[in-house]
Amino acid sequence: MTQVSPEVSTEVSTEAQVPQRFGAIAIVGRPNVGKSTLLNALVGQKISITSDKAQTTRHRLLGVRTEGAVQFAFVDTPGFQLRHTRALNRALNRTVRGALADVDVVLWVVEAGTWGSEDELVGQLLPKGRPVILVANKLDRIRGREKLLPWLAERGKDPRLTEIVPLSARRHADAQRLLHILARHLPEGPWGFDADALTDRGERFLAAEILREKLFRLTGDELPYSSTVVIDSFQLDGRLRRVAASIVVERDSHKAMVIGGGGALVRRLSTEARQDMERLFDAPVFLEVWVKTRSGWADDQAAVRAYGYEE
């Protein structure tokens, strides 16, 4: 019987501990279960973009958290794609598989109280011989927690699971509780990163992700998820970051949508993206944004590779 973690808040000890522990933790799940929100909560700072649009996360993103003598290296992944026909979708699925190849623990994120074929498809990818913690996320949406007990009992029969942790990724106490649970499963060994590290990604990558988040948030479901962002140049001028970026869409009608009447929408998303970049980089940013059409890029393997999506 799989252990179900109780809903109690347990802080990770910040006191010196011997020996050190370090491990890589993959965060996997179907689209829109809150993987990126969970990563940000576990790291303690927003490094992964979030939105309600499916496939907001497209890259493998590493987030680092150091607590006492324990260092966690979280690997956020795209939601696994059921449709494999587009080159972009195939690239995203390869990213998920690659993330699972060499980790110490897997966080399998699902929505509390729900289970479907997409969840089970992700379950088929789980590596053998590694602890798998089922994170039953979005607990705050459950009305009447007693209704969740039969679901937890059914999930607890799954032999692939080491532990089940019901939580809400938006609650600080829940993130701390999960860190405490994870620490027990990490192997002893030296840290892989500096104590103050947050991610292995550079500012250029983070700038593109911030702009893409604003694009998805401000266009909602009207804009196809195949739209993307490319950083054309990223230059340092003293403390000032000079960033030139292109939003790439597949149709001229999408281009007009992103630009908006009189250029209002592209100005708004550029302003909000610049403000977020300045907060993250703690420095002034000069941002220029263009909108370009490239028909069928998401079906073009070479274009998908050129735009930075991993094989």
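This report covers the nonpolar cores and salt bridges of a predicted model.

## Nonpolar cores

The largest nonpolar core holds 54 residues. Leu 38, Phe 74, Leu 107, Leu 178 and Ile 247 touch the most other members. Helix 6, residues 203-219, gives the most to this core: 8 residues.

Take Ile 247. Leaving out residues up to four places away in sequence, its contacts include Leu 211, Leu 215, Val 258 and Trp 290. Thr 228 and Lys 292 are also among them. A second, separate core has 21 residues, including Trp 108, Ala 112, Leu 139 and Ile 164.

The whole structure has 19 salt bridges. One of them joins Lys 214 and Asp 276, with the closest N and O atoms 2.9 Å apart. Lys 214 lies in helix 6 and Asp 276 in helix 8 (residues 264-281), so the pair ties together parts that are 62 residues apart in sequence. Lys 214 is buried, at 10% relative accessibility. Asp 276 is buried too, at 16%.

Within it, Asp 119 and Arg 30 meet at 3.0 Å, N to O. Asp 119 sits in helix 3 and Arg 30 in the loop between strand 2 and helix 1, so this bridge ties together parts 89 residues apart in sequence. Asp 119 is buried at 2% relative accessibility. Arg 30 is buried at 14%.

Lys 138 and Glu 111 also form a salt bridge, with their closest N and O atoms 3.5 Å apart. Lys 138 is in the loop between strand 6 and helix 4, while Glu 111 is in strand 5. The two are 27 residues apart. Lys 138 counts as buried, at 16% relative accessibility.

Note on methods. Residues are numbered from 1 along each chain as its sequence is written. This is a predicted model: local features need pLDDT of at least 70, side-chain atom pairs count only at pLDDT 80 or more; totals for chains, interfaces and linings use all residues. Side-chain values use heavy atoms; hydrogens and water are left out. A nonpolar core is a set of buried Ala, Val, Leu, Ile, Met, Phe, Trp, Tyr and Cys residues joined through side-chain atoms within 4.5 Å. Buried means under 20% relative accessible area, exposed over 50%, partly exposed in between (1.4 Å probe, protein chains only). Helices (H or I, at least four residues) and strands (E, at least two) are DSSP runs, numbered from the N terminus. Contact means heavy atoms within 4.5 Å. A salt bridge is a side-chain nitrogen of Lys or Arg within 4 Å of a carboxyl oxygen of Asp or Glu.
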